[in-house]
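Colleague: I have a new model open and would like to learn how to read it. Can you take me through it feature by feature?

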Amino acid sequence: MYRFTFFIACWLFAAACNAGRTEKLEDKVFVVNIVPDEKKLQEYLEYHRHIWPEVEKGFQKAGYRKIKLLRRNHLVVMIVTVPEGADLGKMGKVAESYDKRCAEWNQLMSSYQQGIPGTEPGQTGTETAPF
């Protein structure tokens, strides 16, 4: 009985925390290459292990719900969870306007990135599409 009561209490708490939240989310998936330099790759990974607090707060304020990075050698896959239909360009501007460190972060990270084959000159991240 105790376990069942505990389960019900946890379920009610979770339901109360999510009350009124009917927001639909979607994942946007991007791929990018890190420049072919092992030292730069390690620097990039270290920055992402210790994201600047201002950057994290700026992304949250802009509406990003979750950002997950995966990698294979120098290829990085970014899974960005945002409200359905969100405009990532506008969200990025909101984040950068929150704190100058957000713009500094984006500029710094772009110095480590390069496009995958088939991208335009200067283009780094490429959004993927489901098939």
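Colleague: How far does the pLDDT reach at least 70 in the protein chain?

Modeller: This is a predicted model. Where pLDDT is low, the predicted coordinates should not be read in detail. Here the chain averages a pLDDT of 86, and 84% of the residues score at least 70. Residues 1-17 fall below 50, and this stretch has zero contacts in the model beyond near neighbours in sequence.

Colleague: Next, the fold. How many helices and strands does the protein chain have?

Modeller: There are five helices and five strands. Along the sequence they run α-β-α-α-β-β-α-α-β-β. Then look at how contacts link the chain. Take the contacts between residues at least 6 apart in sequence: 75% of them join residues at least 24 apart.

Colleague: What share of the 131 residues is buried?

Modeller: Buried residues make up 25% of the 131 in the chain.

Colleague: Now the core. Which residues of the largest nonpolar core touch the most other members?

Modeller: Start with the general idea. In soluble globular proteins, nonpolar side chains tend to be buried together. In this model the largest nonpolar core holds 22 residues, and Tyr 44, Tyr 64 and Met 78 touch the most other members. Two or more residues each come from strand 1 (25-34), helix 2, helix 3, strand 3, helix 4 and helix 5. Strand 3 gives the largest share, four residues.

Colleague: What does Tyr 44 touch, not counting residues up to four places away in sequence?

Modeller: Tyr 44 touches Ile 34, Val 76, Met 78, Met 109, Tyr 112 and Gln 113. One of these partners, Met 78, is also among the core residues with the most contacts to other members.

Colleague: Which residues lie nearest the centre of the largest pocket?

Modeller: Phe 59, Tyr 64, Ile 67, Met 78 and Asn 106, out of 27 lining residues. The lining divides into 13 nonpolar, nine polar and five charged residues.

Colleague: Let me try strand 3. Is Thr 81 buried or exposed?

Modeller: The cut-off for buried is under 20% relative accessible area. Thr 81 sits in strand 3. Its relative accessible area is 13%, so Thr 81 is buried. Beyond four places in sequence, Thr 81 touches Leu 25, Glu 26, Asp 27, Tyr 64, Arg 65 and Lys 66.

Colleague: And where does Ile 79 belong?

Modeller: Ile 79 is in strand 3 too. With a relative accessible area of 22%, Ile 79 is partly exposed. Its contacts outside four places in sequence are Asp 27, Lys 28, Val 29, Lys 66, Ile 67, Lys 68 and Leu 70. Ile 79 and Val 29 are 50 residues apart in sequence, yet 4.6 Å apart in space, C-alpha to C-alpha. For Thr 81 and Val 29 the figures are 52 residues and 8.8 Å.

Colleague: Lys 28 carries a charge. Is Lys 28 buried or exposed?

Modeller: Lys 28 is buried, with a relative accessible area of 17%. Its place is in strand 1. Leaving aside neighbours within four places, Lys 28 contacts Met 78, Ile 79, Val 80, Val 82, Leu 88 and Glu 127.

Colleague: Last, backbone angles. What is the phi of Asn 73?

Modeller: Most residues other than glycine have a negative phi, and most peptide bonds are trans. Asn 73 has a positive phi, near 55 degrees. This residue lies in the loop between strand 2 and strand 3. At 47% relative accessibility, Asn 73 counts as partly exposed. Asn 73 and Ile 34 are 39 residues apart in sequence and 8.8 Å apart in space, C-alpha to C-alpha.

Methods
Residues numbered from 1 in each chain as written. Predicted model: local features only at pLDDT ≥ 70, side-chain atom pairs only at ≥ 80, totals over all residues. Heavy atoms only, no water. 1 Å grid on protein atoms, 1.4 Å probe; cavity = no way out; pocket = protein on both sides within 12 Å on 5 of 7 lines; lining within 4 Å. pLDDT = per-residue confidence, 0-100. Contact = heavy atoms within 4.5 Å. Core = buried A, V, L, I, M, F, W, Y, C linked by side-chain atoms within 4.5 Å. Buried < 20%, exposed > 50% of the residue type's maximum accessible area, 1.4 Å probe, protein only.
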